[in-house]
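Please open the model in your viewer and keep the sequence at hand.

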Amino acid sequence: MPERVALGARDRRLLAQADAVIGVDEVGRGALAGPVVVCAARFAAIPRDVGIQDSKQLTANQRESALARLSGLGVRWAVCEVGPAVIDRINILEATRLAMRAAALALAVPSDAVITDHLDPGDLGCRVLSPAGADREYFCVAAASIIAKVHRDRIMTVLGRRDPRWGWERNKGYGTAEHRAALERWRPTCHHRLSFSWSPVRV
(Lines give C-alpha, C1' and ligand atoms only; values in the text may rest on other atoms or scores of the structure.)
Protein backbone atom coordinates (compact mmCIF):
# COMPACT_ATOMS: atom_id res chain seq x y z
CA MET A 1 0.00 0.00 0.00
CA PRO A 2 1.54 3.37 -1.00
CA GLU A 3 2.52 5.76 1.78
CA ARG A 4 0.06 8.63 2.24
CA VAL A 5 1.51 12.04 1.38
CA ALA A 6 1.04 14.57 4.21
CA LEU A 7 -1.64 17.16 3.55
CA GLY A 8 0.06 20.27 2.19
CA ALA A 9 2.98 18.49 0.52
CA ARG A 10 1.38 18.57 -2.92
CA ASP A 11 0.46 22.23 -2.47
CA ARG A 12 4.07 23.11 -1.63
CA ARG A 13 5.35 21.29 -4.72
CA LEU A 14 3.02 23.36 -6.89
CA LEU A 15 4.16 26.54 -5.13
CA ALA A 16 7.67 25.91 -6.45
CA GLN A 17 6.23 26.73 -9.90
CA ALA A 18 3.35 29.10 -9.04
CA ASP A 19 2.87 32.31 -7.09
CA ALA A 20 -0.10 30.84 -5.24
CA VAL A 21 -2.35 27.79 -5.13
CA ILE A 22 -6.12 28.24 -5.13
CA GLY A 23 -8.21 25.40 -3.78
CA VAL A 24 -11.81 25.17 -4.99
CA ASP A 25 -14.51 22.96 -3.50
CA GLU A 26 -18.30 22.76 -3.36
CA VAL A 27 -20.91 21.87 -0.77
CA GLY A 28 -24.55 21.01 -1.28
CA ARG A 29 -24.66 19.29 -4.65
CA GLY A 30 -26.85 16.46 -3.35
CA ALA A 31 -29.22 18.49 -1.19
CA LEU A 32 -32.95 18.79 -1.94
CA ALA A 33 -33.07 22.41 -0.78
CA GLY A 34 -30.80 25.43 -0.54
CA PRO A 35 -27.97 26.66 -2.75
CA VAL A 36 -24.90 24.88 -3.96
CA VAL A 37 -21.97 26.78 -2.44
CA VAL A 38 -18.44 26.95 -3.81
CA CYS A 39 -15.38 28.45 -2.13
CA ALA A 40 -12.05 29.32 -3.70
CA ALA A 41 -9.23 29.82 -1.16
CA ARG A 42 -5.85 31.29 -2.21
CA PHE A 43 -2.56 30.47 -0.47
CA ALA A 44 0.86 31.93 -1.30
CA ALA A 45 2.27 29.67 1.44
CA ILE A 46 0.84 26.64 3.21
CA PRO A 47 0.58 26.94 7.01
CA ARG A 48 1.33 24.03 9.32
CA ASP A 49 -2.13 23.23 10.67
CA VAL A 50 -3.06 19.57 11.17
CA GLY A 51 -6.63 20.65 11.97
CA ILE A 52 -7.27 21.54 8.34
CA GLN A 53 -8.78 18.47 6.69
CA ASP A 54 -11.59 17.62 4.31
CA SER A 55 -14.68 19.19 5.92
CA LYS A 56 -16.48 15.83 5.93
CA GLN A 57 -13.89 14.53 8.40
CA LEU A 58 -14.54 17.32 10.93
CA THR A 59 -17.33 18.09 13.37
CA ALA A 60 -19.28 21.35 13.14
CA ASN A 61 -17.28 22.79 16.05
CA GLN A 62 -13.98 21.75 14.47
CA ARG A 63 -14.98 23.42 11.20
CA GLU A 64 -15.87 26.66 12.98
CA SER A 65 -12.54 26.60 14.82
CA ALA A 66 -10.66 25.91 11.57
CA LEU A 67 -12.45 28.80 9.87
CA ALA A 68 -11.42 31.14 12.69
CA ARG A 69 -7.78 30.07 12.30
CA LEU A 70 -7.87 30.58 8.54
CA SER A 71 -9.36 34.04 9.10
CA GLY A 72 -6.56 34.85 11.52
CA LEU A 73 -3.97 33.88 8.92
CA GLY A 74 -5.36 36.45 6.51
CA VAL A 75 -6.26 33.85 3.90
CA ARG A 76 -8.07 35.31 0.87
CA TRP A 77 -11.17 33.50 -0.29
CA ALA A 78 -14.25 33.99 -2.45
CA VAL A 79 -17.60 32.25 -2.01
CA CYS A 80 -20.25 31.84 -4.69
CA GLU A 81 -23.82 30.61 -4.13
CA VAL A 82 -26.09 29.30 -6.90
CA GLY A 83 -29.72 28.98 -5.86
CA PRO A 84 -32.42 26.42 -6.65
CA ALA A 85 -33.97 28.34 -9.56
CA VAL A 86 -30.68 28.35 -11.49
CA ILE A 87 -29.95 24.74 -10.50
CA ASP A 88 -33.34 23.70 -11.89
CA ARG A 89 -32.75 25.64 -15.10
CA ILE A 90 -29.20 24.52 -16.00
CA ASN A 91 -28.80 21.35 -13.83
CA ILE A 92 -26.67 20.83 -10.73
CA LEU A 93 -23.46 19.94 -12.60
CA GLU A 94 -23.45 23.13 -14.65
CA ALA A 95 -24.56 25.19 -11.65
CA THR A 96 -21.58 23.85 -9.70
CA ARG A 97 -19.23 24.56 -12.60
CA LEU A 98 -20.65 28.10 -12.88
CA ALA A 99 -20.02 28.73 -9.18
CA MET A 100 -16.52 27.25 -9.39
CA ARG A 101 -15.56 29.53 -12.25
CA ALA A 102 -16.97 32.63 -10.56
CA ALA A 103 -15.20 31.92 -7.25
CA ALA A 104 -11.86 31.01 -8.85
CA LEU A 105 -11.85 33.94 -11.27
CA ALA A 106 -12.38 36.33 -8.36
CA LEU A 107 -8.88 35.41 -7.13
CA ALA A 108 -6.83 33.79 -9.87
CA VAL A 109 -4.02 35.43 -11.86
CA PRO A 110 -2.03 33.74 -14.66
CA SER A 111 0.85 32.81 -12.35
CA ASP A 112 -1.42 30.85 -9.95
CA ALA A 113 -2.41 27.18 -9.96
CA VAL A 114 -6.04 26.24 -9.32
CA ILE A 115 -6.96 22.86 -7.86
CA THR A 116 -10.56 21.63 -7.94
CA ASP A 117 -12.03 18.41 -6.61
CA HIS A 118 -12.54 16.27 -9.72
CA LEU A 119 -14.83 18.66 -11.66
CA ASP A 120 -13.01 20.57 -14.42
CA PRO A 121 -14.10 24.25 -14.36
CA GLY A 122 -12.70 24.98 -17.83
CA ASP A 123 -10.13 27.60 -18.84
CA LEU A 124 -9.35 30.05 -16.03
CA GLY A 125 -6.31 31.68 -17.62
CA CYS A 126 -3.90 29.74 -15.41
CA ARG A 127 -2.87 26.18 -14.65
CA VAL A 128 -5.81 24.02 -13.50
CA LEU A 129 -5.70 20.56 -11.92
CA SER A 130 -8.85 18.55 -11.19
CA PRO A 131 -7.84 15.29 -9.51
CA ALA A 132 -10.37 13.05 -7.79
CA GLY A 133 -10.16 13.26 -4.00
CA ALA A 134 -8.43 16.65 -4.06
CA ASP A 135 -10.19 17.64 -0.81
CA ARG A 136 -8.24 14.85 0.92
CA GLU A 137 -4.92 15.47 -0.85
CA TYR A 138 -4.50 19.26 -1.07
CA PHE A 139 -4.46 21.63 1.89
CA CYS A 140 -5.94 24.49 -0.14
CA VAL A 141 -8.89 22.38 -1.30
CA ALA A 142 -9.53 21.06 2.23
CA ALA A 143 -9.54 24.66 3.47
CA ALA A 144 -11.98 25.67 0.73
CA SER A 145 -14.24 22.75 1.66
CA ILE A 146 -14.34 23.93 5.29
CA ILE A 147 -15.18 27.52 4.36
CA ALA A 148 -17.89 26.41 1.92
CA LYS A 149 -19.40 24.00 4.44
CA VAL A 150 -19.55 26.52 7.28
CA HIS A 151 -21.00 29.16 4.92
CA ARG A 152 -23.74 26.86 3.63
CA ASP A 153 -24.58 25.43 7.05
CA ARG A 154 -25.13 28.95 8.35
CA ILE A 155 -27.48 29.70 5.45
CA MET A 156 -29.53 26.57 6.07
CA THR A 157 -29.66 27.23 9.82
CA VAL A 158 -31.13 30.69 9.20
CA LEU A 159 -33.65 29.31 6.69
CA GLY A 160 -34.60 26.56 9.15
CA ARG A 161 -35.34 29.06 11.88
CA ARG A 162 -37.53 31.07 9.51
CA ASP A 163 -39.56 28.00 8.47
CA PRO A 164 -39.23 25.23 11.08
CA ARG A 165 -41.37 22.70 9.16
CA TRP A 166 -38.36 21.29 7.31
CA GLY A 167 -35.71 20.90 10.03
CA TRP A 168 -33.10 22.55 7.82
CA GLU A 169 -31.05 23.67 10.81
CA ARG A 170 -30.51 19.94 11.43
CA ASN A 171 -30.55 18.28 7.99
CA LYS A 172 -29.09 21.26 6.05
CA GLY A 173 -31.51 20.60 3.19
CA TYR A 174 -30.43 17.01 2.50
CA GLY A 175 -32.95 14.23 1.94
CA THR A 176 -33.19 12.87 5.45
CA ALA A 177 -36.30 11.00 6.59
CA GLU A 178 -37.36 14.15 8.45
CA HIS A 179 -37.08 16.31 5.35
CA ARG A 180 -38.77 13.80 3.04
CA ALA A 181 -41.64 13.33 5.50
CA ALA A 182 -42.15 17.10 5.51
CA LEU A 183 -42.19 17.13 1.70
CA GLU A 184 -44.95 14.50 1.75
CA ARG A 185 -46.96 16.71 4.08
CA TRP A 186 -46.33 20.19 2.61
CA ARG A 187 -45.67 21.64 -0.80
CA PRO A 188 -42.06 22.52 -1.70
CA THR A 189 -40.87 26.07 -1.07
CA CYS A 190 -38.87 28.42 -3.27
CA HIS A 191 -35.79 27.02 -1.54
CA HIS A 192 -36.39 23.50 -2.89
CA ARG A 193 -34.86 22.13 -6.08
CA LEU A 194 -37.89 21.09 -8.08
CA SER A 195 -35.82 19.17 -10.63
CA PHE A 196 -34.54 16.80 -7.92
CA SER A 197 -36.38 13.55 -7.25
CA TRP A 198 -36.83 12.11 -3.78
CA SER A 199 -38.30 8.90 -2.47
CA PRO A 200 -41.12 8.82 0.11
CA VAL A 201 -40.38 7.74 3.67
CA ARG A 202 -40.78 4.00 4.13
CA VAL A 203 -42.67 3.06 7.27
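Select strand S2 (residues 36–43) together with S3: the two run antiparallel and are joined by 7 bridges. Strands here are DSSP runs of type E with at least two residues, helices are runs of type H or I with at least four, and both are numbered from the N terminus. Two strands are said to pair if DSSP finds at least two bridges between them. Within this pairing, Val-37 stands opposite Glu-81 in S3.

The model is a predicted one, in which local features need pLDDT of at least 70 and side-chain atom pairs count only at pLDDT 80 or more, while totals for chains, interfaces and linings use all residues. Residues are numbered from 1 along each chain as its sequence is written, and side-chain values use heavy atoms, with hydrogens and water left out.

**The sheet**

With S4, by contrast, S1 pairs in the parallel sense over 4 bridges; here Val-21 stands opposite Ala-113. How many of the 7 residues of S1 are buried? Six would be coloured as such: 6 of the 7 are buried, so S1 is largely enclosed by the rest of the structure. Buried means under 20% relative accessible area, exposed means over 50%, and partly exposed lies in between (1.4 Å probe, protein chains only).

Contact means heavy atoms within 4.5 Å; axes are lines fitted to C-alpha atoms, for helices over the stretch in contact, and angles run from 0 to 180 degrees between N-to-C directions.

**The nonpolar cores**

Select Val-21, Phe-43, Ile-52, Leu-70, Ile-115, Tyr-138 and Cys-140. Of the 31 residues in the largest nonpolar core, these touch the most other members. Such a core is a set of buried Ala, Val, Leu, Ile, Met, Phe, Trp, Tyr and Cys residues joined through side-chain atoms within 4.5 Å. Helix H1 (9–15), S1, S2, H2, S4 and H6 each give two or more residues to this core, and H6 gives the most, with 10 residues. Centre the view on Ile-52: leaving aside neighbours within four places in sequence, its contacts include Leu-7, Leu-70, Phe-139 and Ile-146. A second, separate core of 30 residues includes Leu-32, Ala-33, Ile-87 and Met-156.

**Arg-63**

Move to Arg-63 in helix H2 (residues 60–72). Is this residue buried or exposed? Arg-63 is buried, with a relative accessible area of 10%. Its side chain reaches the backbone oxygen of Ser-55 at 3.1 Å. Beyond four places in sequence, Arg-63 is also in contact with residues including Ile-146, Lys-149, Val-150 and Asp-153.

**The salt bridges**

A salt bridge is a side-chain nitrogen of Lys or Arg within 4 Å of a carboxyl oxygen of Asp or Glu; by this rule the count comes to 13. Select Lys-56 and Asp-135, whose closest N and O atoms are 3.0 Å apart. Lys-56 lies in the loop between S2 and H2 and Asp-135 in helix H5 (residues 134–137), 79 residues apart. Lys-56 is exposed at 61% relative accessible area, whereas Asp-135 is buried at 2%. Both belong to a network of salt bridges that also links Asp-54 and Arg-136.

Then select Arg-154 and Glu-64, which meet in a salt bridge at 2.7 Å, N to O. This pair links helix H6 (residues 139–162) to helix H2 across 90 residues. Arg-154, at 44%, is partly exposed, and Glu-64, at 34%, is likewise partly exposed.

Finish at Arg-97 and Glu-94, a salt bridge of 3.4 Å, N to O. These two are 3 residues apart in helix H4, and are therefore separated by about one helical turn.

Notes. Polar contact = N/O pair within 3.5 Å; in protein donor to acceptor, adjacent residues only side chain to side chain.
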